[in-house]
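Hi,

Here is the structure I promised to send over.

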Amino acid sequence: MEKPYVISAELDSATAEYINKKNLENARESLDADLRAMGKTTQWVSSTDMRRAIAKSIDTRLPVVSLEESYVDAPDTRLGISRGVDSSLRDIGYISRSSSYAPLASQIDQVARLGNEIQVVDDVVFSGEMLEWLSMELRKRQVTIGRVVCGIAIQEGINKATVNIDNGLGLKKLNSLITT
């Protein structure tokens with residue numbers, strides 16, 4: 001049996017003033033139809049389930065560094081990080097997510113001031129490359145990532161990550177569902 005695409009339904013918590021719920025449902029149905037046409041299936045994970053699972057998995061003994069903006073209400077800090085590309089769409093590494101965030105090196109310095117061990121929270125761990133890169137940058141500052149909490153973990157990311165990934169939705173269950 002082929003494994004389905006697992007999709008975070010982050011927008012299901014959006015208020016009506018920002019998103020027309022009918023349009024959102026139409027977009028989901030269209031995505032499902034497109035994936036079925038390619039012989040794929042989908043499994044949607046609601047933002048409520050993601051938020052609940054992530055909250056349940058956070059270790060309150062470690063500072064929380066959130067890589068996302070939707071699922072953690074009060075992290076010790078947020079790290080606004082994104083993969084960057086140049087005007088020719090060539091990979092230029094990791095950059096600040098937007099101009100509302102400080103330069104990435106400054107953000108990582110701020111994370112380092114939280115202590116010598118932190119936990120990182122992300123909605124989805126895909127390839128694990130960002131976690132690897134972040135772990136190396138933090139080690140330069142004598143900080144380790146002692147725990148990673150995520151809502152969805154792709155097997156490739158789990159295999160590549162050099163830290164403990166804890167998935168509150170049931171890592172073994174999700175591993176059996178996710179196409180890697």
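The protein has six helices and nine strands, taken as DSSP runs (H or I of at least four residues for helices, E of at least two for strands) and numbered from the N terminus. Please note that this is a predicted model, in which local features need pLDDT of at least 70 and side-chain atom pairs count only at pLDDT 80 or more, while totals for chains, interfaces and linings use all residues. Residues are numbered from 1 along each chain as its sequence is written, and side-chain values use heavy atoms, with hydrogens and water left out.

Of the 180 residues, 40% count as buried, meaning under 20% relative accessible area with a 1.4 Å probe and protein chains only. Contacts (heavy atoms within 4.5 Å) between residues at least 6 apart in sequence join residues at least 24 apart in 63% of cases.

Helix 4 deserves a look of its own. Its residues Leu-131, Leu-134, Ser-135, Glu-137 and Leu-138 are buried. They lie on the same side of helix 4 because they cover an arc of only 165 degrees around the axis, taken from the directions from the helix axis to the C-beta atoms. Beyond four places in sequence, Leu-138 touches Ile-108, Val-111, Ile-118, Val-143 and Ile-145.

Is Gly-128 buried or exposed? With a relative accessible area of 5%, Gly-128 is buried. Its C-alpha atom is separated by 3.8 Å from that of Gly-157, 29 residues apart along the chain. Leaving aside neighbours within four places, Gly-128 is in contact with Gly-157 and Lys-160.

Finally, the largest pocket (an open set of points on a 1 Å grid, for a 1.4 Å probe, with protein on both sides within 12 Å along at least five of seven lines; lining residues have an atom within 4 Å of a point). This pocket is lined by 19 residues, with Asp-122, Asp-123, Val-124, Phe-126 and Met-130 nearest its centre. Strand 7 gives the most to the lining, with four residues.

Best wishes

Conventions:
Buried means under 20% relative accessible area, exposed over 50%, partly exposed in between (1.4 Å probe, protein chains only).
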